[in-house]
Amino acid sequence: MTTDLIFFLILAFVSVGAALGLLFSRNAIYAALFLVLNFLTVAIFYLFLNAPFLAMAQITVYAGAIMVLFLFVIMLLGTKKLKTRGENLWQRRLAIGLGAVLFGELFTMFFFQGRGSTLIGDLGSGFGSPEAIGLELFNQYLLPFEITSILLLVGMIGAIVLTKDN
Amino acid sequence: MIPISYYIVLSAILFTLGAICVLIRRNAIIIFMGIELMLNAANLAFVAFATQHQVLSGQIFVFFVMTVAAAEVAVGLALIVTIFRTKHTIDVDQLNSLKG
């Protein structure tokens, strides 16, 4: 066991634990905070995988903007009123069974088809840097990038129109 | 050096937990968080495969997924706020007006 592997396993444990916390927490605020923890661990995995730009974007966009929006809405609606009735037991059992089947299929697909055994080699130090991402984005993906801005505009207008008082 | 398959299995675990979260929770906001968890797991798989095949396109795609997720959260939370204003609940079991 190398130190890399130990570090990976600890982080994976934290990540899965945070996801389980999201799954089982009663309080919506705690669920959101568990999800923030999960996003932060995934950002560290991005750093491992030679994607420093995406790691920083993950922290600012997901853990920053999106989760603040979630917390804002939870506090706007009030946590007391968000309490819901207990879940159906048979639905929970069925969901966990179906989830186990889904995980089994994903695991089989990736693990036993001989494609997942490659080790991460040493890439060039520029791989995944903001410079490389920017060059790729503006040379090869310029049109999707511009369409993204329209998408964000539509999302913003949609949110304003939906929540506007009549 | 960590094998890529470890990341893929972790991504599969996170995706499954997100799917179970969508299936068993009744609070619309927490269901929404489960969807975010699934998107995030897919992003992790994208980045892992981008590293394995040494092409940058996978990372670019994660960038696009993030923007789509941001737009989706803005509209989705606006919908939840509107539903809460009219129905005074966000329990998805009680939103059954369309039930025959």
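## A start at the tail of chain B

His88(B) sits in the segment after H3 of chain B. Its phi is positive, at about 60°, although His88(B) is not a glycine. Is His88(B) buried or exposed? His88(B) counts as exposed, because it has 10 C-beta neighbours inside 10 Å and the cut-off for exposed is 12 or fewer. Bear in mind that this is a predicted model.

Chain A has a residue with a positive phi too: Asn50(A), at about 60°, and again not a glycine. Asn50(A) is in the loop between H2 and H3 of chain A.

The chain has 166 residues, and 21% of them count as buried. Take the contacts in chain A between residues at least 6 apart in sequence, and 52% of them link residues at least 24 apart.

Chain B has three helices and, again, zero strands, giving α-α-α along the sequence. How does its radius of gyration sit against the globule rule? The radius of gyration is 17 Å, well over the 13 Å that the rule gives for 100 residues, so chain B is more spread out than a compact globule. Its C-alpha trace spans about 50 × 25 × 25 Å along the principal axes. Even so, 50% of the 100 residues of chain B count as buried. For contacts between residues at least 6 apart in sequence, 48% in chain B join residues at least 24 apart.

## Where A meets B

The contact between the chains draws 70 residues from chain A and 59 residues from chain B. Which elements of chain A give two or more residues to the side that touches chain B? They are H1 (3–24), H2 (28–48), H3 (52–77), H4 (89–111), H5 (130–140) and H6 (142–163) of chain A. By class, that side of chain A has 51 nonpolar, 14 polar and five charged residues.

One piece of the contact pairs H3(A) with H2(B), which covers residues 28–53 of chain B. The two pack at an angle of about 175° with their axes 12 Å apart, and that angle makes H3(A) roughly antiparallel to H2(B). From H3(A) come Leu54(A), Ile66(A), Phe70(A), Val73(A) and Ile74(A), which meet Ile29(B), Met33(B), Glu36(B) and Val47(B) of H2(B). Sorted by class, the residues are eight nonpolar, no polar and one charged.

## A helix pair inside chain A

Two packed helices are described by the angle between their axes and the distance between the axes. For H2(A) and H3(A) those values are about 175° and 8 Å, and the two helices are therefore roughly antiparallel to each other. On the H2(A) side the contact includes Ala28(A), Ile29(A), Phe39(A), Leu40(A) and Leu47(A). On the H3(A) side, Pro52(A), Gln58(A), Tyr62(A), Phe70(A) and Ile74(A) are among the residues that take part. The class count for this contact is 21 nonpolar, one polar and no charged residues.

Phe70(A) and Ile74(A) turn up in this pair and also in the contact of H3(A) with H2(B).

In soluble globular proteins, nonpolar side chains tend to be buried together. In this model the largest nonpolar core has 62 residues, and those with the most contacts inside it are Leu22(A), Ile29(B), Met33(B), Leu44(B) and Val47(B). At least two core residues each come from H1, H2 and H3 of chain A and from H1, H2 and H3 (57–87) of chain B. The largest share is that of H2(B), with 14 residues. Ile29(B), Met33(B) and Val47(B) are also residues that meet H3(A).

## A closer look at Leu17(B)

Leu17(B) lies in helix H1 of chain B, residues 4–24. It counts as buried because it has 24 C-beta neighbours inside 10 Å. Which residues does Leu17(B) touch, leaving out those up to four places away in sequence? They are Ala19(A), Leu20(A) and Leu23(A) in chain A, plus Leu37(B). Gly34(B) is 17 residues from Leu17(B) along the chain, and their C-alpha atoms are separated by 7.8 Å.

Notes
Residues are numbered from 1 along each chain as its sequence is written. Chains are lettered from A and ligands numbered from 1 in the order in which they are written. This is a predicted model: local features need pLDDT of at least 70, side-chain atom pairs count only at pLDDT 80 or more; totals for chains, interfaces and linings use all residues. A residue is buried if 20 or more other C-beta atoms lie within 10 Å of its own, exposed if 12 or fewer, and partly exposed in between; C-beta atoms are placed from the backbone. Two residues are in contact if their C-beta atoms, placed from the backbone, lie within 7 Å. Helices (H or I, at least four residues) and strands (E, at least two) are DSSP runs, numbered from the N terminus. Ala, Val, Leu, Ile, Met, Phe, Trp, Tyr, Cys and Pro count as nonpolar, Asp, Glu, Lys and Arg as charged, and the others, Gly among them, as polar. Axes are lines fitted to C-alpha atoms, for helices over the stretch in contact, and angles run from 0 to 180 degrees between N-to-C directions. Angles under 35 degrees count as roughly parallel, over 145 as roughly antiparallel, 65 to 115 as roughly perpendicular and the rest as oblique. A nonpolar core is a set of buried Ala, Val, Leu, Ile, Met, Phe, Trp, Tyr and Cys residues joined through C-beta atoms within 7 Å. The radius of gyration is taken over C-alpha atoms; the globule rule is 2.2 Å times the number of residues to the power 0.38.
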